[in-house]
Amino acid sequence: MALSGEPHVLVIGGSDSSGGAGIARDIETISSLGVRTCIAVTAVTVQTHEAVLETHHLPPGLLADQMRAALQANKVAAIKIGMLATEQIIAAVAAVLRENRVIPAVLDPVLASSSGRPLLEAGAIGTLTRDLMPLCCLVTPNLVELAVLAGSRPAVDDEEVLQQGQRLLDAGSPALLIKGGHAAGLRSTDILLRPRQQPIRFDAPRLVGSMRGTGCMLASAIAAHLAKTRSLEEAVCQGKQFVFMKLRGAQTSRRRIVLFA
Ligand code: PLP
């Protein structure tokens, strides 16, 4: 049996035919940071950069089999989770994570595409917060996702953002990185929130324009740094830096930039 001793990140998520988001983005990001990947596909989506045309969910048993095979074949040092599609797929991922509690898992709670198409069924939010989030060392919601996960309306100020975050910590999440990219203002601030610790703010100048798949990139870059045995705080800091440089590069090269995840 060919076992690879190099650290890998196991990427769990949906494919996006446009390459703008999903596992293609994840693999690209993690590879560019010098870490190998293995994959477990949850859904196949047909997308352009403007629209999600079709989504096809894979059977939960097939997803669990992919995860177990990837974990058996490789030294998986971190896990990155993206699009989960259904409640049954969430339950399958949670079951395999419970068998592998020592591997740090980063969850990007993908709810919808930026074009507005749901990528997780509405009835699955409770299963996500109750059964999966407590098994992940970090969850990376944007402000819209944070409000949905916390069962609230979108926060109107910083205090409300922290209250919503606290609700998810109280429900068992070990840490949240709340992404402020969709908020107004000249700077983009993300908040790392952990139980009984002061929030840590990661601040960067807001860049004009937007780019697809930045949510995938950030969670993937953090997972890659965790696989390199960086601390959570250091991995978040390096992950933010990675996405900032990518956005700045896209701006400088004047490529067409299409929006965030
Ligand atoms: N498609 C897949 C498979 C994804 O995983 C994601 C986000 O993680 C998206 C689409 C949404 O990306 P965007 O917001 O850039 O459209």
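**Reading the model**

Author: Let us begin with strand E4 (residues 74-81), which is mostly covered, as seven of its eight residues are buried. This is a predicted model, in which local features need pLDDT of at least 70, side-chain atom pairs count only at pLDDT 80 or more, and totals for chains, interfaces and linings use all residues. Residues are numbered from 1 along each chain as its sequence is written.

Reader: What do "strand" and "buried" stand for here?

Author: Helices (H or I, at least four residues) and strands (E, at least two) are DSSP runs, numbered from the N terminus. A residue is buried if 20 or more other C-beta atoms lie within 10 Å of its own, exposed if 12 or fewer, and partly exposed in between, with C-beta atoms placed from the backbone.

Reader: Which strand is joined to E4, and do the two run parallel or antiparallel?

Author: Two strands pair if DSSP finds at least two bridges between them. Here three bridges join E4 to strand E5 (residues 105-107), the two running parallel, and lysine 80 stands opposite valine 106 in E5.

Reader: How many bridges join E2 to E3?

Author: Strand E2 (residues 36-47) and strand E3 (residues 52-57) are joined by five bridges and run antiparallel. They form a hairpin with four residues between them, and glutamine 47 stands opposite valine 52 in E3.

Reader: Why does methionine 67 count as buried?

Author: Methionine 67, found in helix H2 (residues 60-73), is buried because 24 other C-beta atoms lie within 10 Å. Contact between two residues requires their C-beta atoms, placed from the backbone, to lie within 7 Å. Leaving aside residues up to four places away in sequence, methionine 67 touches Leu10, Ile12, Ala40 and Val96.

Reader: How should I read the arrangement of helices H3 and H4?

Author: Axes are lines fitted to C-alpha atoms, for helices over the stretch in contact, and angles run from 0 to 180 degrees between N-to-C directions. Angles under 35 degrees count as roughly parallel, over 145 as roughly antiparallel, 65 to 115 as roughly perpendicular and the rest as oblique. The axes of helix H3 (residues 87-98) and helix H4 (residues 125-132) come within 9 Å and cross at roughly 10°, which means that H3 is roughly parallel to H4. By class, this contact of H3 with H4 has six nonpolar, one polar and two charged residues, where Ala, Val, Leu, Ile, Met, Phe, Trp, Tyr, Cys and Pro count as nonpolar, Asp, Glu, Lys and Arg as charged, and the others, Gly among them, as polar. On the H3 side are Glu87, Ile90, Ala91, Val93 and Ala94, which meet Thr127, Leu128, Asp131 and Leu132 in H4.

Reader: Where does alanine 85 lie, and is this residue buried or exposed?

Author: Alanine 85 lies in the loop between E4 and H3 and has a positive phi of about 70° although it is not a glycine. Alanine 85 counts as buried because it has 24 C-beta neighbours inside 10 Å. Threonine 229, in the loop between H7 and helix H8 (232-252), has a positive phi near 65°, but counts as exposed, with 12 C-beta neighbours inside 10 Å.

Reader: Finally, how many residues surround the ligand?

Author: The ligand is surrounded by 19 residues, the closest being Gly14, Ala21, Gly22, Ser114 and Arg212, where a residue is near if its C-beta atom, placed from the backbone, lies within 6 Å. Strand E1 (4-16) and helix H7 (214-227) each supply at least two residues of this shell, and E1 gives the most, with three.
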